[in-house]
Amino acid sequence: MVTSLRIPRLVVAAPSSGSGKTTVTTGLMAAFSERGLAVSPHKAGPDYIDPGYHALATGRPGRNLDAFMCGPELVAPLFAHGAAGCDLAVVEGVMGLYDGAAGRGELASTAQVAKLLRAPVVLVVDASSQSRSVAALVHGFASFDPLVRLGGVILNKVGSDRHEVMLREALEEAGMPVLGVLRRAPQVAAPSRHLGLVPVAERRADALASVAALAEQVRAGCDLDALMALARTAPALDCEPWSPQAPAVPTGPGRRPVVAVAGGPAFTFSYAEHAELLTAAGAEVVTFDPLRDESLPEGTAGLVIGGGFPEVYAPELSANQPLREAVAAFAAAGGPVAAECAGLLYLARSLDGKPMCAVLDADARMSERLTLGYREAVALSDSPLAAAGARLRGHEFHRTVIDPGAGASPAWGFTHPERRVEGFVQGGVHASYLHTHWAAAPSVARRFVEASARAR
């Protein structure tokens, strides 16, 4: 049923990556949450790491809005699902404001998400190496697409009081409100490595301190009242909220099939909607930590191993031999296994020379080359996730390689932007580098729960 969602909302964007979107967005979320507001956190694009910081700042699941993987038509419904009952929604953009899927115009850009949500945009500008030129930069972003409503600017990395005066004077000439000024503050920066920020699960205590420091910095440097007033200018959003609810898979008497989902510091990449879809389809979702748990959860009938950083924890994962053997035995018995990226590496024979689960006759290692980008894929083999011929969109993001790159029965054939086969389907195992968003294809979760019910 179409509803009229009246929730104040902001999209936080920037001219380019590295401008400080994540730190500013997280600080805003935390500062507004400290005022007693229920803040709904969102992230444009496929990123898994930033939503972890958003969740820490708000106490609510960080949710992604990806117009490529889920389609533009699902952006507003997914937003409405996550923002239901909240006082404010804040959406962090991806890359530069107008950057999206390569060669696809505005598709999957922050600008497209802002237009689909009818939300005002706040532009975070790294002002560290400019003064009056900031007005020309902001004017260009404000005028490039008349349908994108740029409501104000937050100046980041400002060097001094004099620097701030020059920036404010320039933007006043351009008629652009300055909604915040933040000085350089290295103490609030989160550490990074080869795929971006270090996930919250790996540094929770330090991350909590960082988020608190960000909230303090934003309170001191931003006009929260003006930002809230801007958020309230967003008109009603008329759409039918997305829902994971569907007829549950008939599972017979007794306990629902247990779907074990890998978590902990080594496996931090997941979309909140996946667990919601599995639960709605009739599964009991139980999280386990491959770094510490020596057995799969009791009654495991299906196994989901998502993305993360197994390369960072290869020695510890390898040392947990009882769990590696349990995973191998589960797969050998035909149990349904869905493995994405990090899960693919964990199922390999070895990772950087360290023994893994040896479910797949393949070896993985770190690489100097970053593989990154959206993919259009067709399932080449029947599996617990998809029937052969099914088409999905996904995203690759890794700095590892696996040899061979595909098994005798590949998981996917990529049709765009390049043609190649990838991944492994054997028995009940579907293992691939491709990250997918199941909200775009709820049948994936239902099919997996059906396979788990049969396996039980």
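**Ground rules.** I worked with a predicted model in which local features need pLDDT of at least 70, side-chain atom pairs count only at pLDDT 80 or more, and totals for chains, interfaces and linings use all residues. Residues are numbered from 1 along each chain as its sequence is written, and side-chain values use heavy atoms, with hydrogens and water left out. I took helices (H or I, at least four residues) and strands (E, at least two) as DSSP runs, numbered from the N terminus.

I counted strands as paired if DSSP finds at least two bridges between them. Seven strands make an open sheet with parallel pairing, in the order 4-3-5-2-6-7-8. Strand 4 (63-65) and strand 8 (178-183) are the edges; each has a single partner strand, so one side of each has no neighbour in the sheet. Direction ignored, neighbouring strands of this sheet are turned by 25° against each other on average. His42 is opposite Val91 in strand 5.

**Helix 8 on the strands.** Contact here means heavy atoms within 4.5 Å. Axes are lines fitted to C-alpha atoms, for helices over the stretch in contact, and angles between N-to-C directions run from 0 to 180 degrees. Helix 8 (residues 224-231) lies across strand 2 (9-13), strand 5, strand 6 (121-126), strand 7 (150-158) and strand 8, at about 110° to strand 2.

**Helix pairs.** I used these classes: under 35 degrees is roughly parallel, over 145 roughly antiparallel, 65 to 115 roughly perpendicular, and the rest oblique. For residue classes, Ala, Val, Leu, Ile, Met, Phe, Trp, Tyr, Cys and Pro are nonpolar, Asp, Glu, Lys and Arg charged, and the others, Gly among them, polar.

Helix 1 (residues 21-34) packs on helix 8 at about 95°, with the axes 12 Å apart. The two are therefore roughly perpendicular. Leu28, Ala31 and Phe32 of helix 1 make the contact with Leu224, Leu227 and Met228 of helix 8. I noted six nonpolar, no polar and no charged residues there.

The axes of helix 3 (75-83) and helix 4 (residues 110-117) come within 9 Å and cross at roughly 70°. That makes helix 3 roughly perpendicular to helix 4. Val75, Ala76 and Phe79 in helix 3 meet Val113, Leu116 and Leu117 in helix 4. This contact has six nonpolar, no polar and no charged residues.

For helix 5 (residues 133-144) and helix 6 (residues 161-174) I found an angle of about 40° and axes 8 Å apart. Helix 5 is thus oblique to helix 6. Val134, Ala135 and Val138 in helix 5 meet Leu167, Ala170, Leu171 and Ala174 in helix 6. The class count is seven nonpolar, no polar and no charged.

**Antiparallel strands.** Strand 18 (residues 363-379) pairs with strand 20 (residues 412-416) in the antiparallel sense over four bridges. Ala377 has Phe414 in strand 20 as its bridge partner. Strand 20 also runs antiparallel to strand 21 (residues 420-422), over three bridges. Here Gly413 is bridged to Val421 in strand 21. A hairpin of three residues connects strand 20 to strand 21.

**Aromatic pairs.** Rings of Phe, Tyr and Trp (its six-membered ring) pair if their centres lie within 6.5 Å; planes under 30 degrees apart are stacked, over 60 edge-to-face, and the rest tilted. My search of the whole structure gave seven pairs. One of them, Phe68 with Tyr374, is stacked, at 4.3 Å centre to centre and 25° between the planes. Phe68 is in the loop between strand 4 and helix 3, and Tyr374 is in strand 18, 306 residues apart.
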